[in-house]
Amino acid sequence: MRSPVRLSVIATLSAGLLFGAQARAEELVVGSFGGSFADNVKACHVAAFEKATGATVALKLGNSSQFAAAIRAAAGNSDMDVVFIDNSLGVQIHNEKLDESIDRAKLTHASEIIPNAWGVDNSYVVAMVSATTLVYNPKLVKTPPTSWLDLFDPQYAGKYAIGDFTGTSGWQFFLALNKIKGGTLDNIDPGIEAVKPLAKGSAVLYTQADQIVSLFERGEIVIAAWYPDRAGVAADKGLPVAVAYPKEGAVGILPAVLIPKGTKKLDLAHKFIDVVLSAEGQKCFSEKAYIGSVNKGVTLSDKVAQIAPTGASLDKLWFIDPDLLSRNLSVWTRRWQREVVR
């Protein structure tokens, strides 16, 4: 016959094992862009979330196109619980019924968010405001660029970079060029013809934003179609880069967060999104990442406001209809792959 003491020890050990299993189960998998973006997610969102909930976060790194492809492949059984993704691809995911609706009633900060941040049927919520613009080395480029067309200037031959179409900056620069050349969102022929020599001469058609950092560091490029937030962070670390907003207008980026269909952590996913939307989370991310906030209670510092899209630069941003993009991006991507990088 087992003694009461032994039974007590066994019960305690069993409870401990059960508690440990439950604790391990409370892990939220978050799809995040890599590099400094992921670092800021950890500092501004993950730390506060883990402290408040006792759960842990595992970041899965990638870009918007990769996350969209992964969600589709999972077909309603995604291994991610929350995903950062460009809002245009967020629309695609919603149209394909591969997302969970965000319940605003579960978010304590929902009322603080600008109204147009919410996707159709609360399919996603925009988490920040950024752009694709021009970034250059002011030590080597004495006259700041003023137009997207400056990338064609012979002085930059072999010393510039644009993104591959699979990345946000890639298709955004392409559509800006197409617009300048007389194309429309229904006719990208002018853009296809114009971008061919530019794509061929680019130092690299980058697919990850932080690839540009090493290119600037090694002096392989002096100008790029890139992100002002990444440039601001890189400049703080000593990289000689400055931001120029083209006179035609930069292209606005609205990175959003959504919940993929089939997550088993729906309540926990809402708690993470609530941290992302909080004034503290937004302020922290904006100041670290040089990016615009969607929380109405956040005021940016002068340092950040000089780089992030604000004032006149924000007013001139071209925000492309995400529903139109969702219907056309796959077609445009195939044309890019067939006609530009073949």
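Biologist: How many disulfides does the structure hold?
Modeller: The structure holds 1 disulfide. The term stands for a pair of cysteine sulfur atoms within 2.5 Å. Keep in mind that this is a predicted model: local features need pLDDT of at least 70, side-chain atom pairs count only at pLDDT 80 or more, and totals for chains, interfaces and linings use all residues. Residues are numbered from 1 along each chain as its sequence is written, and side-chain values use heavy atoms, with hydrogens and water left out.

Biologist: Which cysteines form the disulfide, and how far apart are their sulfur atoms?
Modeller: Cysteine 44 and cysteine 284. Their sulfur atoms are 2.1 Å apart.

Biologist: Why is the disulfide of cysteine 44 and cysteine 284 left-handed?
Modeller: Because the torsion about the S-S bond is about -70 degrees.

Biologist: And where do cysteine 44 and cysteine 284 lie?
Modeller: Cysteine 44 is in helix α2 (residues 35-53), and cysteine 284 is in helix α10 (residues 279-289). The pair therefore ties together parts that are 240 residues apart in sequence. Helices (H or I, at least four residues) and strands (E, at least two) are DSSP runs, numbered from the N terminus.

Biologist: Is cysteine 44 buried or exposed?
Modeller: Cysteine 44 is buried, with a relative accessible area of 5%. Cysteine 284 counts as partly exposed, at 22% relative accessibility. Buried is under 20% relative accessible area, exposed over 50%, partly exposed in between (1.4 Å probe, protein chains only).

Biologist: How do the axes of α2 and α10 cross?
Modeller: They come within 9 Å and cross at roughly 150 degrees. Axes are lines fitted to C-alpha atoms, for helices over the stretch in contact, and angles run from 0 to 180 degrees between N-to-C directions. The crossing of α2 and α10 is right-handed. By convention, right-handed has the near helix turned clockwise from the far one by less than a right angle, and left-handed has it anticlockwise.

Biologist: Which residues make the contact?
Modeller: From α2, Phe37, Asn40, Val41, Ala43, Cys44 and His45. From α10, Gly281, Cys284, Phe285, Lys288 and Ala289. Contact means heavy atoms within 4.5 Å. By class, the contact of α2 with α10 has 7 nonpolar, 3 polar and 1 charged residues. Ala, Val, Leu, Ile, Met, Phe, Trp, Tyr, Cys and Pro count as nonpolar, Asp, Glu, Lys and Arg as charged, and the others, Gly among them, as polar.

Biologist: What about α2 and α9?
Modeller: Helix α9 covers residues 266-277. The axes of α2 and α9 come within 9 Å and cross at roughly 130 degrees. The two are therefore oblique to each other. For the cut-offs, angles under 35 degrees are roughly parallel, over 145 roughly antiparallel, 65 to 115 roughly perpendicular and the rest oblique. α2 passes α9 in a right-handed crossing.

Biologist: Which residues of α2 meet α9?
Modeller: Among them are Val41, Cys44 and Phe49 of α2, and α9 brings residues including Leu268 and Phe272.

Biologist: New topic. What is the phi of lysine 97?
Modeller: Positive, about 60 degrees, although lysine 97 is not a glycine. Lysine 97 sits in the loop between α4 (87-95) and β4 (99-100). At 66% relative accessibility, lysine 97 is exposed.

Biologist: Where does asparagine 122 lie?
Modeller: In the loop between β4 and β5 (125-126). Phi of asparagine 122 is also positive, near 55 degrees.

Biologist: Last one. What does aspartate 229 touch?
Modeller: Ser130, Ala289, Tyr290 and Ile291, not counting residues up to four places away in sequence. Aspartate 229 is in helix α8 (residues 228-236) and is buried at 8% relative accessibility.
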